[in-house]
Amino acid sequence: MNEQYMTEEEKFLIEQHARPGEGYKQAYERLILHQLRCDNHEKQEKTSGKNRSALAPARYAQQDFFVADILDANPKADTASMEHPLFALRAGDRKVRHYQHNGTTVEVRPGIKGLATIHDKDVWIYCISQLIEAINRGYDNVSRTVRFIAYDFLITTNRRTDGDSYKRMGESLERLSESRVVTNIETENKRERAGFGLIDSWHVVERDGDNRMVAVEVTLPEWLYRSVTAKHVLTLSRDYFRLRKPLDRRIYELARKHCGNQAKWRVKMSTLHTKSGSQDKLYKFRAAMKVLAGTNELPDYRMTIDTNNDMVIFYARRAKGGRAQMHDMLNSDP
C-alpha cells in the first residue's frame with residue numbers, strides 16, 4: 001500500500017502504532033487490512049442465515065496477538081474469581097448476589113451502572129498476565145498499579161480498535177471501580193472478611209487528538225494483588241477472548257479451574273448452574289449447556305451431557321506440554 005493513497009486517519013493510526021523498523025506497507029497490512037477482512041467475514045456470517053460459531057474470528061495474526069509491554073505474556077486469571085461468580089453475565093445487572101460454598105461467603109454489590117461483567121474482567125486478566133510475567137522475569141518495579149496502552153489491551157483481548165471500543169473500555173473501568181465485593185475468600189493463607197472494589201481506581205494518563213484514552217493506569221485491589229504475587233493463577237487459552245457469550249466464558253473458567261490437566265471433570269448440572277452465577281432458570285441453563293456441548297468449540301475441553309444423571313462431563317482435549325505446562329507449574333495454586 002503506497003503512502004500517498006492512505007487516508008489521514010490511516011496514516012495517523014500507522015504512525016501511532018507502527019513497530020520499530022516497520023514500513024507503511026507492513027504496518028498497513030497488520031493494522032488495517034486484517035481488520036477489514038475480519039469485518040467482512042462477520043458481515044458475510046450475519047447475512048448468510050447460518051448459525052454463528054461460538055467463537056468470534058481471530059482478529060489479529062497469531063504473532064500479533066500479544067503486543068503489550070511483555071509481548072509473550074500468556075493470559076492468566078486468579079483462581080478465586082474462577083471459582084466464585086464475582087462478575088455478571090448480563091450488562092446492566094443490578095441484583096445483589098449472595099454465594100456461600102465450603103465456608104467461603106461472597107456478596108457482590110453492583111454500582112450505579114450495574115455489576116461489572118465477565119467481559120469487563122478482561123482488564124483483570126490483562127493486568128494479571130503482565131504482573132505474573134514481570135514477576136517471573138525478576139522485574140523490580142512490580143506493583144498493584146499497572147500502566148498500559150489502551151490499544152495494546154484491545155488487541156490482546158481480540159477487540160476492535162474503533163472509537164466505540166475505546167468508549168466501552170472506559171465504561172468497563174467505571175463498572176469495575178463501582179462494583180463492590182464483600183467476602184472472606186482466602187488468599188496467601190489468610191482468610192479475612194473484607195470489602196473492595198473490583199479495581200481500586202483508574203485514570204487516563206494520556207489522550208490522543210480525538211480525546212480517546214491512550215495510556216491508562218489501573219490500581220488493583222490489595223486482595224487481588226496478594227493472590228497474584230502468591231501465584232494463585234492459572235493460564236487461560238488464548239481463544240478465551242474469542243468466546244462470544246458471557247456464559248460460555250464462565251463455563252470455560254470453571255472447566256479450567258476444576259478439570260485443569262486432568263482427564264475429565266464430572267459435575268451435577270445444578271452445581272454447575274450455581275457456580276456459573278447464571279440468573280436463568282435451571283431448564284434454560286441446561287438448554288444452553290446442550291448447545292455449547294454441541295458446538296464442540298469450548299477451548300481446551302470437550303463437553304458431554306449425561307442426561308440420565310443430569311450431569312456435565314468435561315474432557316481435556318490433550319495434555320499440556322512444554323512451555324504451557326511449565327507456566328502452570330510455576331503459576332498455579334500449590
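1. Two strands count as paired if DSSP finds at least two bridges between them. On that basis, this predicted model has an open sheet of 3 strands in the order S4-S10-S9, with antiparallel pairing. The edges are strand S4 (145-149) and strand S9 (201-207), each of which pairs on one side only. Ignoring direction, neighbouring strands of the sheet are turned by 20° against each other on average.

2. The pairing of S9 with strand S10 (residues 213-219) is antiparallel and runs over 6 bridges. Within S10, Ala-215 is the bridge partner of Glu-206.

3. Two helices are to be noted with the sheet. Helix H4 (residues 122-136) lies across S4 and S10, and runs at about 105° to S4. Helix H6 (residues 163-178) packs on the sheet and touches S4, S9 and S10. The direction of H6 makes about 15° with that of S10.

4. Two packed helices are described by the angle between their axes and the distance between the axes. For helix H8 (residues 246-258) and helix H10 (residues 282-295), the axes come within 11 Å and cross at roughly 80°. Angles of 65 to 115 degrees count as roughly perpendicular; H8 and H10 are therefore roughly perpendicular to each other.

5. Which residues make the contact between H8 and H10? From H8 they are Leu-247, Asp-248 and Ile-251; from H10 they are Phe-285, Ala-288, Met-289 and Leu-292. By class, the contact of H8 with H10 has 6 nonpolar residues, 1 charged residue and no polar ones.

Note on methods. Residues are numbered from 1 along each chain as its sequence is written. This is a predicted model: local features need pLDDT of at least 70, side-chain atom pairs count only at pLDDT 80 or more; totals for chains, interfaces and linings use all residues. Side-chain values use heavy atoms; hydrogens and water are left out. Axes are lines fitted to C-alpha atoms, for helices over the stretch in contact, and angles run from 0 to 180 degrees between N-to-C directions. Helices (H or I, at least four residues) and strands (E, at least two) are DSSP runs, numbered from the N terminus. Angles under 35 degrees count as roughly parallel, over 145 as roughly antiparallel, 65 to 115 as roughly perpendicular and the rest as oblique. Contact means heavy atoms within 4.5 Å. Ala, Val, Leu, Ile, Met, Phe, Trp, Tyr, Cys and Pro count as nonpolar, Asp, Glu, Lys and Arg as charged, and the others, Gly among them, as polar.
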